[in-house]
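Here's a quick briefing to read with the model open beside you. Take a look at the structure first, then go through the points below.

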Amino acid sequence: MTLVETILVFAVIPAALYAVIALLTLRERFAKTPRYRPGQDWEHPAVWWTANPAGLDAGHAVVTAPAADTAPRRTAKGGARGSW
């Protein structure tokens with residue numbers, strides 16, 4: 001093997017493979033529209049996300065917060081402990 005063949009096999013070909021893999025993984029970042037940054041104007045309509053779009057209809061009740069004078073009912077046991 002000549003010096004040129006050795007450099008080609010052990011340096012150029014692996015570098016080309018790394019470059020191809022890097023371009024394949026980064027292509028989405030270059031093709032996407034710019035991300036929203038805090039302080040920019042929001043140009044899109046508001047969207048409420050739900051895991052079940054079929055469950056969003058007028059037949060469901062609205063859940064409201066309990067009155068301020070009622071104490072919350074604690075049902076959980078355990079929790080973080082500060083004793084060592």
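Rings of Phe, Tyr and Trp (for Trp, the six-membered ring) pair up if their centres lie within 6.5 Å, and planes over 60 degrees apart make the pair edge-to-face. Keep in mind that this is a predicted model. By that ring rule, the structure has one aromatic pair.

**The aromatic pair**
- Y36 and W42 are the partners: their ring centres sit 5.3 Å apart with the planes at 85°, so the pair is edge-to-face.
- Y36 is partly exposed, because its relative accessibility is 39%.
- W42 has 55% relative accessibility, so this residue counts as exposed.

**The helix**
- The protein has one helix and zero strands.
- Helix α1 runs over residues 3-31, which is 29 residues.
- At 1.5 Å a residue, α1 should span 42 Å, and its end C-alpha atoms are 40 Å apart, so the two figures agree.
- Still, α1 has a kink of about 40°, centred on T25.

**Surface and burial**
- How much of the protein is buried? Buried residues account for 0% of its 84 residues.
- The protein's accessible surface is about 9100 Å², and carbon and sulfur atoms hold 64% of that.

- M1 has a relative accessible area of 72%, so it's exposed.

Definitions and conventions:
Residues numbered from 1 in each chain as written. Predicted model: local features only at pLDDT ≥ 70, side-chain atom pairs only at ≥ 80, totals over all residues. Heavy atoms only, no water. Phe/Tyr/Trp six-rings, centres within 6.5 Å; stacked < 30°, edge-to-face > 60°. Buried < 20%, exposed > 50% of the residue type's maximum accessible area, 1.4 Å probe, protein only. Helix = DSSP H or I, 4+ residues; strand = E, 2+ residues; numbered from the N terminus. Areas by Shrake-Rupley, 256 points an atom, 1.4 Å probe, with all protein chains shown as cover. Expected span 1.5 Å × (residues − 1). Bend = angle between axes of the 7 residues up to and from the residue.
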